[in-house]
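Please brief me on the fold, packing and backbone details of this model. Keep it short and give the cut-offs.

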Amino acid sequence: MEAISRFVAIRRDLHQIPELGFQEVKTQHYLLRYIQSLPQERLQVRTWKTGIFVKVNGTSPRKTIGYRADMDGLPIREETGLPYRSTHDGCMHACGHDVHMSIALGVLTHFAHHPIQDDLLFIFQPAEEGPGGAKPMIESEIMQEWKPDMILALHIAPEYPVGTIATKEGLLFANTSELFIDLKGKGGHAAFPHLANDMVVAACALVTQLQSIVARNVDPLDSAVITIGKITGGTVQNVIAERARLEGTIRTLSAAAMQKVKRRIEAIVHGVEVAYECEAAIDYGAMYHQVYNDPELTAEFMKFAAAHGGVNVISCKEAMTGEDFGYMLADIPGFMFWLGVESPYGLHHAKLAPNEEAIDRAIAFLIDYFSWKGNSEV
Ligand SMILES: [Zn+2]
Ligand SMILES: [Zn+2]
């Protein structure tokens with residue numbers, strides 16, 4: 001049998017019980033049982049919905065350093081064929097949140113035994129993939145009481161080799177919003193278009209007009225994406241469609257561009273309502289705030305990592321992906337970084353299989369970083 005470390009074993013346990021947002025009951029139970037096995041003298045543990053806060057009291061605290069790990073899986077049927085694959089049919093840890101939790105437990109274990117000067121706050125956050133746990137968690141009473149002075153988090157990155165840490169100062173992940181537009185006109189016989197209001201034609205016009213926003217309204221030096229990924233409408237080939245629905249997503253590099261794009265979408269949709277004599281409703285669904293890395297803390301972290309023997313630091317570009325950790329960074333200075341786990345399959349893929357060597361290396365590195373930061377003067 002292959003020898004695996006304690007935290008790789010924990011990751012495999014967690015991998016087998018993926019749960020969707022705010023349903024992380026077994027996961028929470030597993031984490032709590034493990035946390036209770038640690039020396040309790042310096043720990044304060046409080047649950048919040050299916051999440052957990054663990055405070056490690058420092059020896060002479062001047063500040064609190066927060067560390068966040070997300071907990072939820074995705075509604076994806078796993079296809080890795082691994083012996084420790086998901087036992088929850090149709091659900092999978094396909095975004096590496098199992099790896100995130102095991103790393104957090106590894107770091108927590110060390111500091112439960114060897115406290116540093118400052119307080120540490122470990123945050124196990126549910127529902128990152130949806131409906132979003134970061135925002136309500138940061139607004140929770142516990143977070144307000146135990147609010148860290150700085151906060152960090154990592155995310156696995158299949159495209160980088162093990163040992164890689166990639167991040168940048170400032171914007172790391174885009175502002176993202178879902179987009180659902182429902183159109184309602186008047187159905188009728190395919191041969192009598194003058195007696196109906198055809199929503200297939202209105203939907204097609206709308207999709208085309210939406211393309212003008214990025215081309216004509218967004219500053220060329222800023223960036224935005226509007227993608228309509230799905231259109232549904234009508235019932236059968238010879239009946240004019242009474243309804244049509246567009247489903248898409250908006251991504252922007254700045255919060256201002258997101259506001260502008262939404263205002264333009266509303267104006268264009270209103271124009272289609274008038275022109276095609278129909279009713280339209282817009283729903284922005286879930287929204288993720290941008291992940292904005294505090295420049296000073298990030299630069300300091302990257303400098304520390306570059307001087308650390310165990311990791312290779314890369315300065316990366318921002319990505320048009322979303323992450324609800326952005327809500328925490330909107331309130332508390334800090335940063336997020338990518339952790340290389342070299343897998344040929346990307347995030348949210350049914351065959352994603354992170355290289356588990358990354359787990360112990362990340363734990364060792366983060367222990368060194370927290371020990372340094374939590375004993376330093378600032
Ligand atoms: Zn994800
Ligand atoms: Zn994720």
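The points below go from the whole chain down to single residues.

This is a predicted model: local features need pLDDT of at least 70, side-chain atom pairs count only at pLDDT 80 or more, and totals for chains, interfaces and linings use all residues. Residues are numbered from 1 along each chain as its sequence is written, chains are lettered from A and ligands numbered from 1 in the order in which they are written, and side-chain values use heavy atoms, with hydrogens and water left out.

**Overall fold**

- The protein chain has 10 helices and 17 strands. Both are DSSP runs numbered from the N terminus: helices are H or I with at least four residues, strands are E with at least two.
- The C-alpha trace spans about 80 × 45 × 40 Å along its principal axes.
- Of the 378 residues, 53% count as buried. Buried means under 20% relative accessible area, exposed means over 50%, and partly exposed lies in between (1.4 Å probe, protein chains only).
- Take the contacts between residues at least 6 apart in sequence: 80% of them join residues at least 24 apart. Contact means heavy atoms within 4.5 Å.

**Nonpolar cores**

- The largest nonpolar core has 64 residues. Such a core is a set of buried Ala, Val, Leu, Ile, Met, Phe, Trp, Tyr and Cys residues joined through side-chain atoms within 4.5 Å.
- The residues with the most contacts inside this core are I103, F124, L152, L366 and F370.
- Apart from this core lies another, of 27 residues, with F53, A166, Y288 and W338 among them.
- F124 touches L31, I35, G51, I52, V54, A69, M71, M101, A104, L105 and M137, leaving out residues up to four places away in sequence.

**Helix packing: α2 and α3**

- Helix α2 covers residues 25-36 and helix α3 covers residues 97-113.
- Their axes come within 11 Å and cross at roughly 15 degrees. Axes are lines fitted to C-alpha atoms, for helices over the stretch in contact, and angles run from 0 to 180 degrees between N-to-C directions.
- α2 and α3 are therefore roughly parallel to each other. Angles under 35 degrees count as roughly parallel, over 145 as roughly antiparallel, 65 to 115 as roughly perpendicular and the rest as oblique.
- α2 passes α3 in a right-handed crossing. Right-handed means that the near helix is turned clockwise from the far one by less than a right angle; anticlockwise is left-handed.
- T27, L31, Y34 and I35 of α2 make the contact with M101, L105, L108 and T109 of α3.

**Helix packing: α1 and α10**

- Helix α1 (residues 6-15) and helix α10 (residues 357-373) pack at an angle of about 120 degrees, with axes 9 Å apart.
- That angle makes α1 oblique to α10.
- α1 passes α10 in a right-handed crossing.
- F7, V8 and R11 of α1 meet I359, D360 and I363 of α10.
- E356 sits in the loop between β17 (334-340) and α10. E356 is buried, with a relative accessible area of 13%.
- Leaving out residues up to four places away in sequence, E356 touches V8, R11, R12 and Y84.

**Two further buried residues**

- S177 is in strand β8 (residues 175-184). S177 counts as buried, at 2% relative accessibility.
- The S177 side chain reaches the backbone oxygen of Y284 at 3.3 Å. Beyond residues up to four places away in sequence, S177 touches T249, I250, M258, K262, Y284, A286 and M287.
- L210 lies in helix α6 (residues 199-216). L210 counts as buried, at 1% relative accessibility.
- L210 and I226 are 16 residues apart in sequence and 7.7 Å apart in space, C-alpha to C-alpha.
- L210 touches I181, I226, I228, I265 and I268, not counting residues up to four places away in sequence.

**Backbone details**

- A cis peptide bond joins G130 and P131, with omega about 0 degrees. P131 lies in the loop between β4 (119-125) and α4 (134-138).
- F22 is not a glycine, and its phi is positive, near 65 degrees. F22 is in the loop between α1 and α2. F22 is partly exposed, with a relative accessible area of 26%.
- E277 has a positive phi of about 45 degrees, although it is not a glycine. E277 is in the loop between α7 (255-276) and β13 (279-283). E277 is exposed, with a relative accessible area of 59%.

Key:
A polar contact is a pair of N or O atoms within 3.5 Å; within protein, one must be able to donate a hydrogen and the other to accept it, and residues adjacent in sequence count only if both atoms are side-chain atoms.
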